[in-house]
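Thanks for coming. I will take one structure today and go through its salt bridges, some of its strands and its pocket. Please have the model open while I talk.

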Amino acid sequence: MTLPASTHYDKLIARAQTLAPAVCAIAHPCDEPSLSAALQARDLGLLQPILVGPELKIRATAAQYGLDLGNARIVDAPHSHAAAEAAVALVRSGEATLLMKGSLHTDELMHEVVARNTGLRSGRRISHVFIMEVPTYAEPLFITDAAINIFPDLETKADIIRNVIDLHRGLGLGEPRVAILSAVEQVTPSIPSTIEAAALCKMADRGQIAGGLLDGPLALDNAINPDAARIKGIRSPVAGVAQVLVVPDLEAGNMLAKNLTFLANAEAAGIVLGARVPIILTSRADSPRSRLASCAVAAIYAHHLSEQQARPLA
């Protein structure tokens, strides 16, 4: 079934517009894609940006590309490393409830996020989720982790799954169907990811991972195609209709997401989870719509987290 482009993203953006704009610290928005995305998200009512970086460079970028800074707050920082440090400090102080990557390397921002004494660590391991708009798939497709954890061990994978389950539910999409991917659907000792997939499913059976329906190992075809699952004789509420794909490692996830983007005309919004606040992690190759979708996802989830924190304990 072929769907109109951006159906899912439009819904997320529209929902985020019903909420009060989240204050977002943008680290080093010194190129046209990152600065225009922040300002467009502001104009759509998704975010209230704090632009953190060299003020003269930010103003020069705005002038060069005809971008209206309006009354956006600018926190002057001399270079990208200082901008990352200052943006994280704004979150730690409570002045911002979101963090967004500008025109700096991901490693540079994440170095400040994970700093032991001054960063944004929480009790969870940090992980990344792509929320993908795939024209041939009936639902948003979540892929994790394709950007942060290179070769995650079992405990890290458990947190990766907990993070994405919480996001899926926090976006109002309900209990997710989570497929833990490998090359085959049978538990095979020579393929370690199949052993880990089986262990993760048993952890879910024992309540160590809660809130989602897990199945694995599953190969990609029988995770997302009902006919492939039926032919293989796999009977589960996840097989063939997965909403979340948990990949064995970063290499597999990155290739899967980029294959969908560049060969299947998919779009990829990105968010980092497991820190104190959601982190909008965009790429220079992202389309303007996928950048806005990343902002919308982060804004909705930040609102959900603030509601949870405000809710009295039973």
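**Salt bridges, strands and a pocket**

Let me begin with Glu139, which is partly exposed at a relative accessible area of 26%. On that scale, buried means under 20% relative accessible area, exposed means over 50%, and partly exposed is in between, with a 1.4 Å probe and protein chains only.

Before going on, the ground rules. This is a predicted model, in which local features need pLDDT of at least 70 and side-chain atom pairs count only at pLDDT 80 or more, while totals for chains, interfaces and linings use all residues. Residues are numbered from 1 along each chain as its sequence is written, and side-chain values use heavy atoms, with hydrogens and water left out.

Back to Glu139. Its salt-bridge partner is Arg177, with the closest N and O atoms 2.7 Å apart. Glu139 sits in the loop between β5 (127-133) and β6 (141-144), and Arg177 in strand β7 (residues 177-181), so this pair ties together parts that are 38 residues apart in sequence. By salt bridge I mean a side-chain nitrogen of Lys or Arg within 4 Å of a carboxyl oxygen of Asp or Glu. Helices (H or I, at least four residues) and strands (E, at least two) are DSSP runs, numbered from the N terminus.

How many salt bridges does the structure hold? There are 12. One of them joins the side chains of Arg289 and Asp10, at 2.4 Å from N to O. Arg289 belongs to helix α11 (residues 288-310) and Asp10 to helix α1 (residues 7-16), so this bridge ties together parts that are 279 residues apart in sequence. Arg289 is partly exposed at 33% relative accessible area, and Asp10 is also partly exposed, at 37%.

Arg59 and Glu55 also meet through their side chains, in a salt bridge of 3.0 Å, N to O. These two residues are 4 apart in helix α3 (residues 55-65), which means that about one helical turn separates them. Arg59 is partly exposed at 41% relative accessible area, and Glu55 is partly exposed at 27%.

Next, the parallel strands. Strand β2 (residues 47-53) is mostly covered, with 6 of its 7 residues buried. Strand β1 (residues 22-27) runs parallel to β2 and is joined to it by 6 bridges. For pairing, DSSP has to find at least two bridges between two strands. Opposite Ile26 stands Leu51 of β2. From β1 the chain crosses through helix α2 (residues 32-43) to β2, in a right-handed β-α-β crossover. Right-handed here means that, with the strands pointing away from the viewer, the path from the first strand over the helix to the second runs clockwise.

On to strand β3 (residues 73-76), which is parallel to β2 and joined to it by 4 bridges. Here Ile50 stands opposite Arg73 in β3. The chain gets from β2 to β3 through α3, and this β-α-β crossover is right-handed.

Now β5. Is it mostly covered or mostly open? Mostly covered: 7 of its 7 residues are buried. Ser127, Val129, Ile131 and Glu133 point one way from the strand, His128, Phe130 and Met132 point the other way, and all are buried. β5 runs antiparallel to β10, with 7 bridges between them, and Val129 has Ile271 as its bridge partner in β10. β5 is also antiparallel to β6, with 3 bridges, among them the one that pairs Met132 with Leu141.

In the loop between β5 and β6 is Pro135, which is partly exposed at 25% relative accessible area. Pro135 and Glu267 are 132 residues apart in sequence, yet 8.9 Å apart in space, C-alpha to C-alpha.

Last, the largest pocket, with a volume of about 780 Å³. Its lining has 33 residues, and Thr282, Ser283, Arg284, Ala285 and Asp286 lie nearest the centre. A pocket, on a 1 Å grid over the protein atoms alone, is an open set of points where a 1.4 Å probe fits, with protein on both sides within 12 Å along at least five of seven lines; lining residues have an atom within 4 Å of a point. The volume is the space filled by probe spheres set on the points. Helix α10 gives the largest share of the lining, 5 residues.
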